[in-house]
Amino acid sequence: MNWIFFAILSPAIYTLVTFIDKHLVSNVVKDYKAMPIYTSIVGFIAGLLFWILTGFPILSFRDGGIIVLTGMITIWSTFLYFKALEGEQTSNINILFQTFPVMALILAYLFLGETITVKQFIGFIFILSAAVGVSFQPRKKGEKTLSKAFFLILFFNFMTAISSVLIKFAIDTTSFSQVLSYESLGIALGGLLVFILFPGIRKAFIANIKIVKRKTVKIIFINEGLFVLAKSLGFYALVLGPVALVTVLSGTQAFFGIIFGFTLTKLFPKLFKEDISSGGIIKKMGFAVLIVVGIALLV
């Protein structure tokens, strides 16, 4: 049952990555628009390294183009992710991430001809209810409204789901290591394009690179390495174990977000500011349970 270990370790590392990103955006880099450019630089290095280690594979124009495009969409979507991290608790972001299966299944239904059962529809309701519940923020006069992070992560997951659907057309004839190398190069290309085409992003990165410390750059590179590790472990778990159960266990990221948020806020209150009140923890735990049940119904 080694697949269980990898299926749980992957979301745990993904959660750690989000908290490190939160620290970087809130306390170090400051302007979120600079972060995806750092990611694209790491993507270029990782893509080149994977390409060399896999023996310089040359994919067909169709397969290579599709995988590179998914990498470009991935880096463009991270602008939404980093913006959401600016004004939202990281544990809430990890719960909102779990709306991804909803987006993926809807797109699979529209473009891959897959069906949506009554059970899956109920799963949709559970997941979206949890996402909406965790996103309500108080306003004046007792009113509440959905946080900006809700819409940002929803759109982020929509873009990520597009990448997942696209890569279905190429992955059957391509190994995971080849996908990783071409996707990483797509991330680099996507970052280069936005750097060239959008002055605001270019100025944010140049301004930051002038003042950023070497220690910060190391943290960014290590964190991106952890992201690749989490992605690889998740894929390995899918290879070893049942896809449905591995997918359900990916929902444990919501619980890891709550646990990490509590621990880091206790240990480093100046850097991490999660709601660790009894009411806040119970509410998040309830939504996390609803998320996992919803994912189980989807698969």
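Reply: Helix 2 and helix 9 are roughly perpendicular to each other, a label for angles of 65 to 115 degrees. This is a predicted model, in which local features need pLDDT of at least 70 and side-chain atom pairs count only at pLDDT 80 or more, while totals for chains, interfaces and linings use all residues. Residues are numbered from 1 along each chain as its sequence is written, and side-chain values use heavy atoms, with hydrogens and water left out.

Me: At what angle do the axes of helix 2 and helix 9 cross?

Reply: The axes of helix 2 (residues 35–53) and helix 9 (residues 199–211) cross at roughly 80 degrees and come within 8 Å. Axes are lines fitted to C-alpha atoms, for helices over the stretch in contact, and angles run from 0 to 180 degrees between N-to-C directions. Helices are DSSP runs (H or I, at least four residues) numbered from the N terminus.

Me: Which residues meet there?

Reply: Ile37, Tyr38 and Ile41 in helix 2 meet Ile201, Phe205, Asn208 and Ile209 in helix 9, where contact means heavy atoms within 4.5 Å. By class, this contact of helix 2 with helix 9 has six nonpolar, one polar and no charged residues. Ala, Val, Leu, Ile, Met, Phe, Trp, Tyr, Cys and Pro count as nonpolar, Asp, Glu, Lys and Arg as charged, and the others, Gly among them, as polar.

Me: How do helix 6 and helix 13 pack?

Reply: Helix 6 (residues 118–135) and helix 13 (residues 278–298) pack at about 155 degrees, their axes 7 Å apart. They are therefore roughly antiparallel, the term for angles over 145 degrees. The residues of their contact divide into 13 nonpolar, five polar and one charged. Among them are Phe124 and Ile127 in helix 6, and Phe287 and Leu290 in helix 13.

Me: And which residues form the contact of helix 5 with helix 6?

Reply: Val102, Leu105 and Ile106 of helix 5 and Gln120, Phe124 and Ile127 of helix 6 make that contact. It divides into five nonpolar, one polar and no charged residues. The axes of helix 5 (residues 100–111) and helix 6 come within 9 Å and cross at roughly 145 degrees.

Me: Changing topic: how many cavities of 30 Å³ or more does the structure hold?

Reply: The structure holds one. On a 1 Å grid over the protein atoms alone, a cavity is a set of points where a 1.4 Å probe fits but cannot get out; lining residues have an atom within 4 Å of a point. The largest cavity has about 30 Å³ of space, and Ser91, Ile258, Gly261, Phe262, Glu274, Asp275, Ile276, Ile281 and Lys284 line it.

Me: Which helix gives the largest share of that lining?

Reply: Helix 12 does, with three residues.

Me: What space lies in the second largest pocket, and which residues line it?

Reply: About 150 Å³ lies in the second largest pocket, a pocket being an open set with protein on both sides within 12 Å along at least five of seven lines. Its lining includes Lys22, Ser26, Asn27, Lys270 and Glu274. Helix 1 (residues 2–28) gives the most to this lining, with three residues. By class, the lining has two nonpolar, five polar and five charged residues.

Technical notes. Helices (H or I, at least four residues) and strands (E, at least two) are DSSP runs, numbered from the N terminus. Angles under 35 degrees count as roughly parallel, over 145 as roughly antiparallel, 65 to 115 as roughly perpendicular and the rest as oblique. Grid points are joined across faces, edges and corners, and a volume is the space filled by probe spheres set on the points.
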